[in-house]
Amino acid sequence: MQNLVMDEVSAGTYGMSGLLRLSYHSQSDGHHDWALVQPPKDGKTWLVCLHGHGSHGDQLYTRPDIRAKWLPEFLGRGLGVLTPNLRDNAWMGPAAVQDLDDLLDTIRAEFGGETFLFASGSMGGTGNLIYAALRPQNVAGVIARGAACDLASYYAWCRERESEKVILGQIADAIAANHGGTPEANPGVYRAHSALHHAARLTMPIFLAHGAEDATIPVSQARVLVGQLSDHPNLVYLEIPDGNHDSPLHLQTAPHALDWLLARSG
């Protein structure tokens, strides 16, 4: 990570005090990017929250439903919070993985971070699973809501339906742009970045939730991964009947997903 600059964000920007903005240039290609950091009041456990497609690294603070539901849960449990922008719509491509590696190293060096939990939805939840499969040593636990587990099959699904739903074509374009082309053109990268193909590496506690009627990321993505993880000792899967893409984001669960994860990752 090059040219790292750390500035305090004005309390009026997001209605938060103590929030920091990290600006940097990527070591992989010099790309300029940023992340928001809310240091913990006490402790070394951090929550990494990746944003959804079409949003940015401040989604946790700017999307009203996500802010109202998730932010108090993260801060109320004394966690540090890292929300990286990660090249906007990168779908955890190779460059985003390198950037996230460097961001976690920065949190370790600057704030003494030791344990990293990942809780995100949609593209962010997809990124959680990909990163956990690639870097299991960096991930103590995962919450993934409405996520894809295999980008090659999801890319094909989007292309088949893009004429019916414009966002699916935009998602497929973003996936290809960040993974060196289509799955046919670059199968090795897609396989390397498939949580499904590397499910054996997902040994950390995992909490998955998906809407049965999700028209943006199909529930089949969750079901096939759960099938691969059938012997996983710390896996919860909640499927929401008639639920849409946003349903897992608003899910009320018992036990609470984050409390469940904290109890098993310590």
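Predicted model: local features only at pLDDT ≥ 70, side-chain atom pairs only at ≥ 80, totals over all residues.
1. Ground rules. Local features here need pLDDT of at least 70 and side-chain atom pairs count only at pLDDT 80 or more, while totals for chains, interfaces and linings use all residues. Residues are numbered from 1 along each chain as its sequence is written, and side-chain values use heavy atoms, with hydrogens and water left out.

2. Helix α3 checks out on length. (The expected span is 1.5 Å times one less than the number of residues; helices are DSSP runs of H or I, at least four residues, and strands are E runs of at least two, numbered from the N terminus.)

3. Look at Trp70, though: α3 kinks there by about 30 degrees, shortly before Pro72. (The bend is the angle between axes fitted to the seven residues ending at a residue and the seven starting there.) Just after α3, Gly78 has a positive phi of about 75 degrees.

4. Which residues of α3 are buried? They are Ile66, Lys69, Trp70, Leu71, Glu73 and Phe74, where buried means under 20% relative accessible area with a 1.4 Å probe, protein chains only. Their packing partners include β5 (80–84) and α10 (257–265).

5. Ala132 sits in α5 (123–134) and is buried, at a relative accessible area of 0%. Ala132 touches Val139, Val142, Arg201, Leu202 and Met204, leaving aside residues up to four places away in sequence; contact means heavy atoms within 4.5 Å.

Terms used: Buried < 20%, exposed > 50% of the residue type's maximum accessible area, 1.4 Å probe, protein only.
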